[in-house]
Amino acid sequence: MKTILVTGVNGFVGRHLVRELLGNNHRVIGIGGPGPSPDAALVQSIDHYVTCNFTDAAEVSKLDFHDVDAIIHLAGLASIQRSFAEPARFIGDNGAIAINLFEALTHQNVQPRVIVISSGGVYAADQPMPINESGTTTTSSPYVVSKLLTEDICSYYRSRVQDAIIVRPFNHIGPGQGPGFLLPDLAAQIVEATGADKELVVGNLKTKRDYTDVRDVARAYRLLATAPQLNSTLYNVCSGKSVAGEQILQLLLEQLAPGKKPAVKVDKTRFRPTDAPEIAGNSSRLQQELGWRPAIGLEQTVKDFIASLGATTI
């Protein structure tokens, strides 16, 4: 049994990660940010819960990191779209959060393994697919800039003897995902449109992305946090294949509105000029080293997402 500390534990990935860690008999300490009350069931399920504003160095310095075997660092701002409107906040806060965490560890003279969650979005699209860890990176949004900054911060503290691992997950979806992402936003539109005979208004669904079930992603994080030894400091987490948004829409329609074909309107104002036509990642390093493979197919992911909403067919 290991003691794993999870920052950003109240988020979409955090909830699945807690279940994954507890299911494998690990002790879990969860840290959530200030704001809405944390999920009571989640708090009761873990060994200890703490509220902390990670952008406040003084608050972070008061946390006790002794006797922690690993930290899975999920905390941070995570919307590409919102980052364009708030570049200073995304770059400043995400950088400060990482610095404050590593400074606290350094001052307490502890070296737990720190799994720092970056993003597959840092990769440039104009290169051969699927992209492995040596792929070219880009600065396509303030969010991506903040993630590359976080990676540099991680590398700096690794040079100061911290055991810091960078993980680049590609798109992940699944049960409990909230608004602002493709799967939940399309599902909400379908429920509303088919019930009121409205058309669906969508962005560019021809773009193809690499989608992995969030539960498979959580399993990858657990394996990286608990492995006795790792041979690298950078890992992709992805399925290795790309899927068009149109396919996601079709799977949702089959399950939420069988036999119905609501009209679909493409709104070009929703297109982003930086959107690449296709992105796919290569996770062979993770697969070969730790035996990880995506286990949950896209159709099952969509079914489980709908079930998590308590949605019924129309």
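Trainee: Which residues in H5 meet residues in H6, and what makes that a contact?

Mentor: This is a predicted model, and in it the H5 side includes Pro87, Phe90, Ile91, Ala98, Phe102 and Glu103, while the H6 side includes Pro142, Tyr143, Val145, Leu149, Ile153 and Tyr157. They count as being in contact because heavy atoms lie within 4.5 Å.

Trainee: How many nonpolar, polar and charged residues are there in the contact of H5 with H6?

Mentor: There are 13 nonpolar, 5 polar and 1 charged residues. Glu103 is among the H5 residues taking part, and Glu counts as charged.

Trainee: Why are H5 and H6 called roughly parallel to each other?

Mentor: Look at the angle: they pack at about 20°, with axes 8 Å apart. Angles under 35 degrees count as roughly parallel, so that's what H5 and H6 are. As for handedness, H5 passes H6 in a right-handed crossing.

Trainee: Back to Glu103. What makes its meeting with Arg160 a salt bridge?

Mentor: The N to O distance between the side chains is 3.6 Å. The limit is 4 Å, from a side-chain nitrogen of Lys or Arg to a carboxyl oxygen of Asp or Glu, so the pair qualifies.

Trainee: And what does that pair tie together?

Mentor: Arg160 sits in the loop between helix H6 (142–158) and strand S6 (163–169), and Glu103 in helix H5 (residues 87–107), so the bridge links parts that are 57 residues apart in sequence.

Trainee: How do you know whether Arg160 and Glu103 are buried or exposed, or something in between?

Mentor: Check the relative accessibility. Arg160 has 36% and Glu103 has 24%. Buried needs under 20% and exposed needs over 50%, so both are called partly exposed.

Trainee: What about Arg215 and Asp213, where do they fall?

Mentor: Their side chains form a salt bridge too, at 2.8 Å from N to O. Arg215, at 25%, counts as partly exposed. Asp213 has 2%, which is under 20%, so Asp213 counts as buried.

Trainee: Which residues do salt bridges with shared partners join into one network?

Mentor: Arg82, Glu86, Arg89 and Asp93. One of the links is Glu86 with Arg89, whose closest N and O atoms are 3.4 Å apart; that is within 4 Å, so it's a salt bridge. Glu86 is partly exposed at 29%, and so is Arg89 at 36%.

Trainee: How many salt bridges does the structure hold?

Mentor: The structure holds 13.

Methods:
Residues numbered from 1 in each chain as written. Predicted model: local features only at pLDDT ≥ 70, side-chain atom pairs only at ≥ 80, totals over all residues. Heavy atoms only, no water. Buried < 20%, exposed > 50% of the residue type's maximum accessible area, 1.4 Å probe, protein only. Helix = DSSP H or I, 4+ residues; strand = E, 2+ residues; numbered from the N terminus. Axes fitted to C-alpha atoms, helices over the stretch in contact; angles between N-to-C directions. Parallel < 35°, antiparallel > 145°, perpendicular 65-115°, else oblique. Left-handed = near helix turned anticlockwise from the far one by under 90°.
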